[in-house]
Amino acid sequence: MQCQITKLCKLVEPLLEKLQSVSLLFLRLILAYGFYEPAKMKWSDIGSVAEWFGSMGLPLPTLQAYLAASTEALGVLLLTLGLATRLISIPLIIVMIVAIVTVHLPHGFSSGDNGFEIPLYYMLMLFVLVTHGAGKFSVDHFLYKEK
């Protein structure tokens with residue numbers, strides 16, 4: 001029985017490895033889409049976002065509003081292109097950590113209750129991009145010939 005499983009694994013594994021770049025492409029595009037609306041919302045009324053950040057006790061709320069909005073907007077562009085994917089994923093992870101700690105954590109886990117479920121998933125997906133890169137369907141691969 002174990003021999004048959006080993007044979008099956010040896011057959012299936014190369015096929016699944018060929019799909020790795022497709023899965024990384026989908027991951028990047030889903031994340032870019034997920035950051036698009038929040039970035040657009042922040043930029044459409046950055047003053048209100050700064051006030052909101054201030055009401056939560058964040059230091060330098062105007063600066064933080066601009067940093068969060070800029071990071072998310074740049075993230076949309078770079079994740080879509082697959083350009084500097086590992087680099088942009090790190091500040092996006094930081095934005096997710098701040099969002100979890102300042103907004104979502106008091107509401108528990110469930111996204112239906114405005115909990116930290118979705119930002120946690122985004123953070124984990126971004127971590128995959130930090131560790132695996134953008135994949136073959138990316139500007140990063142074209143420029144740097146990543147594996």
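Trainee: In which hand does H5 pass H6?

Mentor: A crossing is left-handed if the near helix is turned anticlockwise from the far one by less than a right angle, and right-handed if clockwise. Here H5 passes H6 in a left-handed crossing. Do keep in mind that this is a predicted model, where local features need pLDDT of at least 70, side-chain atom pairs count only at pLDDT 80 or more, and totals for chains, interfaces and linings use all residues. Residues are numbered from 1 along each chain as its sequence is written, and side-chain values use heavy atoms, with hydrogens and water left out.

Trainee: At what angle do H5 and H6 pack?

Mentor: Axes are lines fitted to C-alpha atoms, for helices over the stretch in contact, and angles run from 0 to 180 degrees between N-to-C directions. The helices themselves are DSSP runs (H or I, at least four residues; strands are E, at least two), numbered from the N terminus. For H5 (residues 85-104) and H6 (residues 117-132), the angle is about 160° and the axes are 9 Å apart. H5 is therefore roughly antiparallel to H6, given that angles under 35 degrees count as roughly parallel, over 145 as roughly antiparallel, 65 to 115 as roughly perpendicular and the rest as oblique.

Trainee: Which residues of H5 and H6 meet?

Mentor: Contact means heavy atoms within 4.5 Å. On the H5 side, the residues include Ile 93, Met 96 and Ile 97, and they meet H6 residues including Met 123, Leu 126 and Phe 127. By class, this contact of H5 with H6 has 14 nonpolar, 5 polar and 1 charged residues; Ala, Val, Leu, Ile, Met, Phe, Trp, Tyr, Cys and Pro count as nonpolar, Asp, Glu, Lys and Arg as charged, and the others, Gly among them, as polar.

Trainee: What sits in the loop between H5 and H6?

Mentor: Phe 116 is placed there. Beyond its neighbours within four places in sequence, Phe 116 touches Ile 100, His 104, Leu 105, Gly 108 and Phe 109.

Trainee: How do H2 and H3 pack?

Mentor: Their axes are 5 Å apart, at an angle of about 100°. That makes H2 roughly perpendicular to H3. Met 41, Lys 42, Trp 43 and Ser 44 in H2 meet Ile 46, Val 49 and Phe 53 in H3.

Trainee: What is the volume of the largest pocket?

Mentor: Rolling a probe the size of a water molecule over the atoms shows where empty space is left. On a 1 Å grid over the protein atoms alone, a pocket is an open set of points where a 1.4 Å probe fits, with protein on both sides within 12 Å along at least five of seven lines; lining residues have an atom within 4 Å of a point. The largest pocket has about 530 Å³. Of its 28 lining residues, Lys 42, Glu 72, Val 95, Met 96 and Ala 99 lie nearest its centre. H5 gives the largest share of the lining, 8 residues.

How values were computed
Points joined across faces, edges and corners; volume = space filled by probe spheres on them.
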